[in-house]
Amino acid sequence: EIQLASRVGALTPSSTLAITAKAKELKAQGKDVIGLGAGEPDFNTPQHIIDAAVKSMNEGFTKYTPSGGLPELKKEIAAKLKVDQGLEYQLNEIIVTSGAKHGLYTLFQVLLDEGDEVIIPIPYWVSYPEQVKLAGGNPVYVEGLEQNNFKITPEQLKEKVTDKTKAVIINSPSNPTGMVYSREELKALGDVCLENGLLIISDEIYEKLIYGNAEHISIAELSEELKKQTVIINGVSKSHSMTGWRIGYAAGDSKIIKAMTDLASHSTSNPTTPAQYATIAAYAGSQDAVETMRKAFEERLEIIHGKLNEIPGISCIKPQGAFYLFPNVKEAALMTGCKDVDEFAEVLLTEANVAVVPGSGFGAPDYMRLSYATSLEQLEEAISRIHQFVESKA
Ligand code: PLP
């Protein structure tokens with residue numbers, strides 16, 4: 001019998017990818033399933049970005065690039081960080097990665113020794129704990145409470161710090177809650193990090209998807225000391241609807257970036273070359289499409305958030321960013337005879353033909369995640385199906 005490494009024994013596959021796959025499978029069988037599991041924008045990549053990739057291939061740019069990415073692309077990323085965040089990074093403080101996810105993976109690999117702790121706020125993006133564990137680290141959770149809009153407080157953070165704590169993850173706007181930390185909140189958390197010498201991993205992948213009067217702030221822009229302690233993770237997947245191109249980046253201390261680049265030289269070699277040229281166009285070209293997509297998400301949010309809250313047993317605070325709703329559905333689950341939200345999500349799929357992701361995968365088992373990265377028509381139909389289902393069973 002084949003013996004796998006012990007590190008994969010504890011590995012749980014991504015629940016969000018699993019639900020998306022299940023919904024697709026049911027659809028292929030002819031079932032009229034509406035998938036609200038998606039973690040990706042439903043728009044096509046803007047044409048000028050696709051054209052740039054095609055042009056690069058026709059011009060022969062189909063070979064390896066430097067492991068850390070094309071210098072021309074790093075320059076565009078540096079320019080973006082300057083314009084959007086007012087931050088100055090040198091090219092040796094930036095690495096282009098095969099998606100933000102692999103950037104995070106590489107970061108944990110170069111940062112953590114066996115037993116090092118990383119503080120992860122709950123609800124968390126499903127991959128953080130797994131990636132920390134794969135690097136030999138221990139995730140330490142701190143619960144962002146619903147009454148505090150799922151945000152953690154400086155006191156809560158301080159309580160979790162031990163002599164093993166290496167880093168804390170901040171993901172704003174958040175997947176799955178859509179919550180956005182304000183400047184003041186980040187400053188207060190940043191003070192705790194500075195006092196305790198914690199590295200801050202700031203996952204800003206949803207930066208461009210911000211609604212109402214919320215504002216995206218990178219914790220790195222709050223002071224020079226915080227910038228030194230922060231590694232920014234970002235990319236074009238969500239901002240430019242480029243999930244399949246697999247381009248992200250990390251920006252931070254040159255020693256960390258060098259280690260990540262050395263590791264990449266033995267793992268990915270480099271992010272896909274035409275995708276890097278596409279990303280140059282994404283950053284250098286017009287940002288109109290980014291704003292058009294943001295507006296479409298906001299319009300959907302405005303319409304469906306209220307409708308979701310009309311469903312008995314479901315209550316959802318209003319997100320300020322990303323493209324997810326994260327309602328508390330515990331009561332609805334119990335009302336419909338389910339023992340928990342995992343089961344509720346299961347019957348929503350099999351009986352109401354709506355695919356959602358149960359909150360257990362995000363460390364918050366009373367909730368479920370609905371993505372509104374799908375047409376308004378589909379969204380309204382899905383919410384109405386959930387509503388009818390709950391009423392029919394309650
Ligand atoms: N970070 C968060 C919070 C995400 O939700 C995602 C994608 O779902 C990523 C990172 C990874 O993005 P990428 O497609 O660039 O790997």
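1. In this note Ala, Val, Leu, Ile, Met, Phe, Trp, Tyr, Cys and Pro count as nonpolar, Asp, Glu, Lys and Arg as charged, and the others, Gly among them, as polar. With those classes in hand, the shell around the ligand in this predicted model divides into three nonpolar, eight polar and two charged residues. The shell holds 13 residues, of which G99, A100, K101, N175 and S237 come nearest to the ligand.

2. The largest nonpolar core has 117 residues, and A250 and V354 are the ones that touch the most other members. Because domain 1 (6–44 + 289–393) and domain 2 (63–284) both give residues to this core, it lies between them. Leaving aside residues up to four places away in sequence, the contacts of A250 include I95, L107, V231 and M260.

3. Two cis peptide bonds deserve a look. One joins I122 and P123, with omega about -5°, and P123 sits in the loop between β3 and α6 (127–134). Another runs from S172 to P173, with omega near -10°, and P173 belongs to the loop between β5 (165–171) and α8 (183–195).

4. E114, in the loop between α5 (100–111) and β3 (117–122), is exposed, with 8 other C-beta atoms within 10 Å. Its C-alpha atom is separated by 4.6 Å from that of G136, although E114 and G136 are 22 residues apart along the chain.

Methods. Residues numbered from 1 in each chain as written. Predicted model: local features only at pLDDT ≥ 70, side-chain atom pairs only at ≥ 80, totals over all residues. Near = placed C-beta within 6 Å. Core = buried A, V, L, I, M, F, W, Y, C linked by C-beta atoms within 7 Å. Buried ≥ 20, exposed ≤ 12 C-beta atoms within 10 Å, placed from the backbone. Domains from an automatic or database assignment. Contact = placed C-beta atoms within 7 Å. Helix = DSSP H or I, 4+ residues; strand = E, 2+ residues; numbered from the N terminus.
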